[in-house]
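Thanks for making time this morning. I would like to walk through one model with you, slowly, and give the cut-offs as we go.

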2 protein chains.
Amino acid sequence: MNWLELKSKLQSQKGPGEPLYGVIVRQIQQWIDSGALPAGQKLPTNRELSQLLGLDRSTVARAYAELAQDGVIESHVGRGTHVKARRSAAQSVDLWSDRFSKASQTAFEVMSKQPPASRPAAEVISFSGGLPTEEFYPHEQFEAIVNELIQSGQSRAMFEYSPADGHAGLRQEVLSHLKEQGIIADDDELLIVSGSQQAIDLVTNVLVDPGDVVLLEDPSYFWAICNLKSRQARCIPIPVDQDGMRIDALQSALAAHRVKLIYLMPTFQNPTGASLSIERRTRILELAKQHNVAILEDNFVGDLRYDGEHVPALRALPGGREIVIHQGTFSKALCPGLRLGWLVAPKEVLSRLLLAKRVCDLSTNSMAQITLARYLSAGLYKGHLENVRAAYKKRRDVMLESLSKSFSREVSWSKPHGGLFIWLKLPSGLSARDLLSFAEAEGVSFSPGELFFLGSEGKEYMRLCFIQTPENVIQEGIKRLSAAYGRYVQTVAQASASAYGAARSRDQVLI
Amino acid sequence: MNWLELKSKLQSQKGPGEPLYGVIVRQIQQWIDSGALPAGQKLPTNRELSQLLGLDRSTVARAYAELAQDGVIESHVGRGTHVKARRSAAQSVDLWSDRFSKASQTAFEVMSKQPPASRPAAEVISFSGGLPTEEFYPHEQFEAIVNELIQSGQSRAMFEYSPADGHAGLRQEVLSHLKEQGIIADDDELLIVSGSQQAIDLVTNVLVDPGDVVLLEDPSYFWAICNLKSRQARCIPIPVDQDGMRIDALQSALAAHRVKLIYLMPTFQNPTGASLSIERRTRILELAKQHNVAILEDNFVGDLRYDGEHVPALRALPGGREIVIHQGTFSKALCPGLRLGWLVAPKEVLSRLLLAKRVCDLSTNSMAQITLARYLSAGLYKGHLENVRAAYKKRRDVMLESLSKSFSREVSWSKPHGGLFIWLKLPSGLSARDLLSFAEAEGVSFSPGELFFLGSEGKEYMRLCFIQTPENVIQEGIKRLSAAYGRYVQTVAQASASAYGAARSRDQVLI
């Protein structure tokens, strides 16, 4: 506590700003909070402090009155002014903690499943997360486009509002892009959004009331689960096998519940990498139609197939147009910083999504939309896709090969035909989260699979992203992972041996 | 209905796309929908159609099976395949209409208050809406910045993810900008958002549960009302006079309800243009603190003061830091297409807002953030503000002067010291919405005031935006408005005279 420090703080304040009495209030509050002014401590009189600070007495009087009203100081005639109580951190939190909405409380609970952020050391090889690598972003092409827009005097629109449903040029390009995949949509069936996550948010906004039943793959995309739970949806898990969502489980769930929405990623699912066959897709559509249930089809990596045959999106199949809301993004195949994606929906649904978009953020940033529209209309996306597909295919192959070399058959993993992820399963009884500590010590990280499950299962699963590191780094990373796994298994074996010994010596009857 | 057209459609389809049977299904559905294939109409047999289209019989069989399952055709052995029923438009809407969430239903109801979009004729002078004019956007400076970023090889970050809480450089600039207004915030008290509307959406996400009481100025910002109602908040109107929110009404509401949040625009309020005095601000803070209620302070045009003294934001006043969530934007003073704004909140609230941001759209577009950060750090904003303030002040003065010349004292209006709007009141009994039809016929438009009221009052108010049209256009627009008003008043007088006459002749007892 240093009154002269406060004086210089007051003197350095110039121009329109916080009133002087406010500066005093905050400083004294801070001293009380930090304990520099303990409870019971006498404060200078109004007269003393105003002299000390070179201020009018009314300013100090106002500051003291404010503090007294806050309940942190008290004045008595004859006894002067004293610090009454230290404002505890808990008290300050209390002011808010019972004010948060259910949406916020639930999101907070779901988030608490997230592992604490890994140490950001550069030497850690990251297979966690799922971002495309910067080295493949078409920086130079984007730069050339922006440059050309500026040179040709066409950049003005970049700083103006776009219509809420998106920039006209981009809309046209997205419709063409969709058409190439067999997705025929009219102009009033399309909405441009700020990335895939906003697509999910708008759909749940428009369709999901608290308590509504939503079916989703188990495991599924972490932020979709978070969004649905935050809307107080009743999330029913539908197990996934190597071919995606299981039809028998879906059928039972549809029979057992009045379902509002099915959320799924039919192609290269997050986190398992599994894809639904055309038969399963057709069957899911039939079941949804039969039960009159809407489908949200998240096609976040539809463009990233490395081998195998193209399978049409649910939206492209007969009957899909009426009950499927289809979403896609340029974040994974192109680059995430643009924050651009789209929603395709029956027009009566689309008009609601558009209204929700207005209510949430009015419209999407114009710069990114116009840049991307030019990029697409110049036909640059196809070449880019060929490049990244070739590169990511190699990376996938190298990771699969490295895994085969480093792990015995007790560990198994998926062999995806596209997307970003390999899904790995440890022998049952082991925990990927425990392994993660060993892995980080060896300099490699991944996403523990349990993050993606609705319940508490999935401890033995882990997700590896193979697109974000060059081949030699993948090889090194898998070597480290294998070493970490060896140390982890050894530790578990030792621990269980000594636990077994301890149990034996303590109580043989329990065995 | 033309089967050959369908054949050529099928032939033109190449590469991966919708399966052929799907194309047939959609075409037949469309013919049924349009009435081209009426109920009872016989369809070609499987054999006939497969020959006609040059397709395998299994493809046609699958299409017919799909249509039969849809219930639009039926097949009987011996009688062939017939159209069963025309799918009505109503039927298609029914599929969805009972699925929309309460959030969507409410937003839809609020939206239905919006007047149908005015005719977009270029000759209509628009005083409706509230956008800054393009002519003042710092296009050239933005272009120079983007150019420089590209030339100096620093544009890469523009296409990468920004952290969810915003680009570091922009965060720093916004903190400095706030500091100049006396708003002291730590780094963990700030969140960059995609414009003011998202700020409102995140705050209501984090704080408002269905049924929660929110107090807001009446009239208030249309999209804030829409957002709050969409979250099923119980919105209690606090009347506004020429000095902003009325303290007596606020006090009564706080005493009568358990209030979750007060939403207000203390400076140049939308739509009235009114500003709260420092005394009212202090009093509102005191009352909020006393009742343990959070405040959302929307400072959307804080930078647009044309005369009068700066009044500190609620957040800048003593005690404000603990209970005020403060939001601002660059959309009004700079340009709206950037979609950038900010939220300042106590850190325990900010961490929840940040989480809600992730759940809603992960992060904000990087291009706009980096461009704006450069613009601010180059110190260009101050000069821009001086220019637009001078220009908007002139426009305000011209509109006030034109109003004085054109309207007699029975019409009254506000004289705001800043912002975007003049708030006009017609003699009671008249309706601004009725006047709007006359005005549009004369070639001028405005926003009817009733849009901004929570209840059904406010029919005699109208909002004029003075910043978006040059002075001579303002003069012409007000002339037209005055002419429209004259015609409207005359029509009302004639109508009431004849209604009076009609009533007299019909039933004299009623008078």
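I will begin with the conventions, then turn to the interface, and end with some local details.

This is a predicted model, in which local features need pLDDT of at least 70 and side-chain atom pairs count only at pLDDT 80 or more, while totals for chains, interfaces and linings use all residues. Residues are numbered from 1 along each chain as its sequence is written, chains are lettered from A and ligands numbered from 1 in the order in which they are written, and side-chain values use heavy atoms, with hydrogens and water left out.

Between the two chains, 101 residues of chain A are in contact with 101 residues of chain B, contact meaning heavy atoms within 4.5 Å. The area buried between chain A and chain B is about 9,000 Å², with 57% of that given by carbon and sulfur atoms; buried area here is the accessible area (1.4 Å probe) that two parts lose on being put together, summed over both.

Two salt bridges are counted between chain A and chain B, where a salt bridge is a side-chain nitrogen of Lys or Arg within 4 Å of a carboxyl oxygen of Asp or Glu. B:Glu134 forms a salt bridge with A:Arg156, and their closest N and O atoms are 3.9 Å apart.

Finally, B:Thr371 lies in helix 15 of chain B, residues 366–377, helices being DSSP runs of H or I, at least four residues, numbered from the N terminus. B:Thr371 counts as buried because its relative accessibility is 0%, buried meaning under 20% relative accessible area (1.4 Å probe, protein chains only). Leaving aside neighbours within four places in sequence, B:Thr371 is in contact with residues including A:Met367, B:Phe142 and B:Met158.

Technical notes:
Helices (H or I, at least four residues) and strands (E, at least two) are DSSP runs, numbered from the N terminus. Buried means under 20% relative accessible area, exposed over 50%, partly exposed in between (1.4 Å probe, protein chains only).
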